[in-house]
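Please look over the following structure before reading on.

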Amino acid sequence: MKCPNCTAENKDTAKGCKKCGRDLTIPPAWFPDFKWHARTLGILYVVITVFYFGVSFALRKLPKPYQFRRVPAELTPWLKKG
Ligand SMILES: [Zn+2]
């Protein structure tokens with residue numbers, strides 16, 4: 001088997017690497033590589049970008065906030081002066 005630390009070839013029955021001394025009875029841990037990070041970050045950025053444009057598109061479809069809406073004067077006769 002290959003040493004997960006230095007890739008040196010060792011006997012399948014070896015308990016430790018003959019080159020670097022790593023304990024071969026412990027299964028190698030999973031360390032995400034650069035490709036994994038790039039792909040994950042790419043997916044995150046795509047999701048965030050799509051979400052941003054989706055939300056801003058949805059917000060543009062909504063009517064303006066009440067205080068910015070033009071209300072015809074005849075609908076608010078109590079605001080008329082005099
Ligand atoms: Zn080794």
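1. Of the contacts in the protein with a separation of 6 or more, 3% join residues 24 or more positions apart, a contact being two residues whose C-beta atoms, placed from the backbone, lie within 7 Å. This is a predicted model, in which local features need pLDDT of at least 70 and side-chain atom pairs count only at pLDDT 80 or more, while totals for chains, interfaces and linings use all residues. Residues are numbered from 1 along each chain as its sequence is written.

2. The protein has a radius of gyration of 32 Å, whereas a compact globule of 82 residues would have one near 12 Å; the radius is taken over C-alpha atoms, and the globule rule is 2.2 Å times the number of residues to the power 0.38. Along the principal axes, the C-alpha atoms fill a box of roughly 100 × 20 × 15 Å.

3. The secondary structure comes to one helix and zero strands, where helices (H or I, at least four residues) and strands (E, at least two) are DSSP runs, numbered from the N terminus. Helix H1 (residues 34-61) has end C-alpha atoms 40 Å apart, which agrees with the 40 Å that its 28 residues should span at 1.5 Å a residue, the expected span being 1.5 Å times one less than the number of residues.

4. A residue is buried if 20 or more other C-beta atoms, placed from the backbone, lie within 10 Å of its own, exposed if 12 or fewer, and partly exposed in between.

5. Thr7, in the segment before H1, has a positive phi near 60° although the residue is other than glycine. Thr7 is exposed because 10 other C-beta atoms lie within 10 Å.
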